[in-house]
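Please look over the entry below before reading the comments. They are set out as numbered points.

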Amino acid sequence: MSVAAHNAATETESAADSPSLPAHRFSSRPIRSFVLRQGRLSPAQQRYLDEMMPKIGIPYRPERLDLAAAFGRAAPKILEIGFGMGEATAKIAASHPENDYLGVEVHGPGVGALCKLIVENNLTNLLIIRHDAVEVLREMIPDGALDRVHVFFPDPWHKARHYKRRLIQPDFVALVAAKLSPGGILHCATDWEHYAEWMLEILSASALKNTADGFAPRPAYRLPTKFETRGTRLGHGVWDIVFRRPQ
Ligand SMILES: C[S@@+](CC[C@H](N)C(=O)[O-])C[C@H]1O[C@@H](n2cnc3c(N)ncnc32)[C@H](O)[C@@H]1O
């Protein structure tokens, strides 16, 4: 599906959230972990989006992607879901030139902002797909192709009636597990205690194995993200959940 068609589908979904519309009309729609708000792009973000995405973006296509060919080398492959404005993503990629990073995000201004950081920092080990990461995983990523998956501060969907929108669900974790190589890591972090417990419970019931006894110490590679910094300012704690696919 093209980004335009994808956006149109998501707009229909937003209409479905209206309490005045009968739910059964939309019963076959997928439950997504995001509501697409286009937000305002700065002129620079728009320019980078228009000029650079064709070069450093991989278009969404419902077909398997050859990751080694996309990055032009064999190196550990790390997928980040929901990089937001991408500051931490760019810093992590710059600090680890030995790894290749694929960032997946739906938010236009964030994609534009990360494009700008990639160009300014001359990063050759970071590529972007602007699309729903669930579909990217399902359709584009070959089984066993990823060494690590980062899910840092996903939308907490803190109202009980919205828990179904949380990205971390049993089916999603099973999908990630299939895409990890043996020994590969799923690393989640959140500043929302209820979501942290939820993640721990779902991952503990999956095929993946905990690398820690409960929550994990923060791995050195995870640099502070924008949402983490905001959460810390509000007095929130931070929880890391790091699970491994058995060998
Ligand atoms: C709360 S923000 C956190 C952003 C960033 N990781 C940080 O810590 O600053 C969550 C981000 O995930 C993105 N997101 C949510 N569901 C997604 C999905 N299914 N595919 C791609 N991006 C998604 C949202 O657009 C949003 O930018």
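1. The model is predicted, and local features are taken only where pLDDT is at least 70. Residue numbers count from 1 along each chain.

2. Strands β2 and β3 run parallel and are joined by five bridges. Together with helix α5 (residues 108-120), the two strands make a right-handed β-α-β unit.

3. Strand β3 (residues 126-130) is largely enclosed by the rest of the structure, because five of its five residues are buried. Leu126, Ile128 and Arg130 point one way, while Leu127 and Ile129 point the other way.

4. Leaving aside residues up to four places away in sequence, valine 149 touches Leu79, Ile81, Val176, Leu180, Leu186 and His187.

5. The ligand is surrounded by 23 residues, of which Gly82, Gly84, Ala133, Phe153 and Thr225 are the closest. Elements giving two or more residues to this shell are β2 (100-105), α6 (133-140) and α9 (226-233). The largest share, three residues, is that of α9.

6. What is the make-up of the shell around the ligand by class? Twelve residues are nonpolar, six are polar and five are charged.

Terms used
This is a predicted model: local features need pLDDT of at least 70, side-chain atom pairs count only at pLDDT 80 or more; totals for chains, interfaces and linings use all residues. Two residues are in contact if their C-beta atoms, placed from the backbone, lie within 7 Å. A residue is near a molecule or strand if its C-beta atom, placed from the backbone, lies within 6 Å of it. Helices (H or I, at least four residues) and strands (E, at least two) are DSSP runs, numbered from the N terminus. Ala, Val, Leu, Ile, Met, Phe, Trp, Tyr, Cys and Pro count as nonpolar, Asp, Glu, Lys and Arg as charged, and the others, Gly among them, as polar. A residue is buried if 20 or more other C-beta atoms lie within 10 Å of its own, exposed if 12 or fewer, and partly exposed in between; C-beta atoms are placed from the backbone. Two strands pair if DSSP finds at least two bridges between them. A crossover is right-handed if, with the strands pointing away from the viewer, the path from the first strand over the helix to the second runs clockwise.
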